[in-house]
Amino acid sequence: MKPVKFFNSLGRRLQEFEPLEPAHVRLYTCGPTVYDRIHIGNLRTFIFEDILRRTLRFFGYRVTQAMNLTDVEDKIIAAALEAEVDIDTFTAPHVESFFEDLAALRVERVEHYPRATEHVAEMIAMIERLLAAGYAYRADDSVFFRIAADHDYGKLSGIDLDQVRRGQRVQSDEYGKQDARDFVLWKGAKEGEPEWPSPWGPGRPGWHIECSAMSRKYLGKTFDIHCGGVDNLFPHHENEIAQSESANCCPLARYWLHSEHLTVDGEKMSKSLGNCYTLGDLLDRGLPARSIRYLLASVHYRQQLDFTFDKLAEAGRALKRIDDMRFRLAHEAEKDGDSASLDLAASDFENAFAEALADDLNTAAALGAVFTFVHAVNGFIDHGLPPGARARVQAALDRADQVLAVLDVGEWAGSPEAGGGLSDAEIDALVEARSDARASRNFAAADRIRDQLSEAGVVVEDTPHGSRWKRA
RNA sequence: GGCGACGUGGCCAAGUGGUAAGGCGAGGGUCUGCAAAACCCUUAUUCGCCGGUUCGAAUCCGGCCGUCGCCUCCA
């Protein structure tokens, strides 16, 4: 098992990764709040986490991952109230579209998707422990976490709450608390809001406690990696640490990985700017899901990524280079090439690829290795493929694609319309007719067929060994 | 005000001390009946600016300029 290094937000440094249990990684990733369709910024984070998960397995670890679904929270309650339905009815379609979006981008299903509404009992139990230990207090019908009681509060974000400029949101909190820094664990019920019984009367859980309770249930008091977007670093993850470590008396997670945000046309996504794209928005424009995954995965996760349609098109052209090589490889006969040097190129690629991933998930460098290999294989195709070359190249690419899930176009639902409705057999027949025409030097007829195929989205390539075709 | 990140060729983007990966674009070439497609080659003596450390710096240190993010809704 190769040593893998990650940049740990807790301590802000690159660290060699070592799981608590040998060969088994327990991973918690903050999931969506299911009040709307998720946007491509969310998707960037989920793709990063997917690549993390796949990378861990690539290096031989077994992964147990939990991703929560926040299905009760202020925005959900407000929207459900507005729609005059209960929150479960309101969130159901958003949960569904969330899974659809992930599937469309080939994000793997994880082991657990716990929902907040199904774990209120665990949250109450944790709040009771915090109250008993003096880390929490009741005020009105609510319960708050007492930050003054937590001596190492702020260790993740480095934020010193005494230095924080007091924003309006702090002042305007509706629930009474002893100290403006404190955050809510349990909110007393309000008229018209969903509520659960508790030792403190009816109410609902605060946002932060959800993750603390659910990660403990599915991964244990201390687990290996906790991920999320940078915006969650403070206050959400800071508060999770405060709650969990105060309640459990042991560290929450050993490694904290945060992915940077996606901007659109250089600006933060926001509804008012109209640049808040969902996956559906992009797919509706006919943009391929595969290009989207490639683009979102192609920049290092700790680097801000600026999304533009130009870059998405570029991503598609880059993928085409890979597809073209595979197409040529599939149509080129193996004969007398240098087997040893092809094998060397393949193992160079495999080593460079693994090394890049092991270096804090450097997907940009890993893709660089892919293209260097593509170049090398193109050279073999031009100068002679040794016996076994196709299988060797295929194996190397397949292994890399276990992590990237983007290299093999065949794994992506192609557009069935491509080819203008022509079947493979019909295209074969047309290409053959064209070859016959060319052989008899009837170029006008040959060009007519070529135009016909072109209009149907089929590209014909003439090679020294005859013509071949592919769908554009 | 506090905390943090970033600034590499036309565009994007790797690279944390040893002499600039990769992709897109552009230019040239090969192949071709002509094309197309594809492939190949070329494309940064230089890494925001100024100093410093070092035999050696895009990489370390200091200063400056610029961009961005977080500071209790937010992936």
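Val107 counts as buried because its relative accessibility is 11%, where buried means under 20% relative accessible area, exposed over 50% and partly exposed in between (1.4 Å probe, protein chains only). The model is predicted: local features need pLDDT of at least 70, side-chain atom pairs count only at pLDDT 80 or more, and totals for chains, interfaces and linings use all residues. Residues are numbered from 1 along each chain as its sequence is written, and side-chain values use heavy atoms, with hydrogens and water left out.

- Val107 sits in the loop between helix H3 (87-104) and helix H4 (120-132); helices (H or I, at least four residues) and strands (E, at least two) are DSSP runs, numbered from the N terminus.
- Neighbours within four places in sequence aside, Val107 is in contact (heavy atoms within 4.5 Å) with Phe46, Ile47, Asp50, Leu102 and Arg293.
- Between the C-alpha atoms of Val107 and Arg53 there are 9.9 Å, although the two residues are 54 residues apart along the chain.

**Helix H11**
- Helix H11 (residues 339-358) has 20 residues.
- Buried residues of H11 include Leu342, Phe349, Phe353 and Leu357.
- The buried residues of H11 pack against S1, helix H1 (40-58), helix H12 (363-383) and helix H13 (389-404).
- After H11 comes Asp360, with a positive phi near 55°.

- Strands S1 (residues 5-8) and S2 (residues 13-16) run antiparallel and are joined by four bridges; two strands pair if DSSP finds at least two bridges between them.
- Lys5 has Glu16 in S2 as its bridge partner.
- Four residues lie between the strands of this hairpin, and Gly11 takes a positive phi near 105°.

Technical notes:
Chains are lettered from A and ligands numbered from 1 in the order in which they are written. The expected span of a helix is 1.5 Å times one less than its number of residues.
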